[in-house]
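Walk through this fold with me.

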Amino acid sequence: MTIARGSELAFAVEQLLAEYPTYDVTGDDDPVGAVLTIHDLTDPGRVGDAVDLKLTPGQVQDLLLLVQSERDTQRRAQSDGDGQCGHCGGTGESGALQPTTHVLAWFPGELLDKDSAADGWELYDVVQWRAGGTPLARLGGTLLDGAVELLGQVADVLGDDHEVVAFQRGTYDIDGFGYPSFDIQARPIEEPPADDGSRP
């Protein structure tokens with residue numbers, strides 16, 4: 001069996017980050033959310049130079065989701081699993097497992113209610129958002145806030161049993177004016193099944 005080298009891993013991750021479409025969750029022009037450093041130690045007696053891969057916040061989320069989905073796939077492949085792919089949920093369609101679940105939108109209170117005090121961020125379940133329903137919660141903040149300021153508040157509302165895996169900036173339209181919003185992907189945190197001794 002051929003052993004993969006650390007340099008090959010670094011190259012593969014670098015190509016993934018360069019080619020896979022990502023988004024900037026902070027709104028900055030050129031943000032760095034993390035630096036992934038890989039040392040190639042596969043050649044005995046020789047240590048190659050470290051490779052530093054700079055990741056935008058969007059790329060951090062994409063890579064985290066990829067690893068989490070692969071972990072879910074491997075768990076489902078066990079004898080007590082359902083055998084479905086953790087990336088697509090068994091649909092065979094790219095991106096089908098994690099649709100938008102919530103929408104965070106800026107509510108222009110001064111425009112709609114003639115009351116500037118009613119301005120604020122509103123968090124909706126995506127079904128209620130599309131139906132023009134009631135928000136789950138109103139959050140603090142300003143019109144200029146981005147993911148850095150808002151992500152913690154959203155996580156608090158959704159609770160410890162949900163994990164936010166994507167937070168994508170967008171806009172929505174009211175009477176021809178665009179207002180900021182975020183499409184959110186959150187999924188329930190599932191407890192791993194009890195080990196009945198059947199796993200290798």
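Two strands pair if DSSP finds at least two bridges between them. Strands (E, at least two residues) and helices (H or I, at least four) are DSSP runs, numbered from the N terminus. This is a predicted model: local features need pLDDT of at least 70, side-chain atom pairs count only at pLDDT 80 or more, and totals for chains, interfaces and linings use all residues. Residues are numbered from 1 along each chain as its sequence is written, and side-chain values use heavy atoms, with hydrogens and water left out.

Start with the open sheet. Its five strands run in the order β5-β4-β3-β7-β6, with antiparallel pairing. β5 and β6 are the edge strands; each has a single partner, so one side of each lacks a neighbour in the sheet. On average, neighbouring strands are turned by 25° against each other, direction ignored. Six antiparallel bridges link β3 and β4. Here H102 stands opposite D125 in β4.

Axes are lines fitted to C-alpha atoms, for helices over the stretch in contact; angles run from 0 to 180 degrees between N-to-C directions. α5 lies across β3, β4, β5, β6 and β7, at about 120° to β6.

What does V154 touch? Beyond residues up to four places away in sequence, V154 touches L104, L123, L139, V164, F167 and I184.

Key
Contact = heavy atoms within 4.5 Å.
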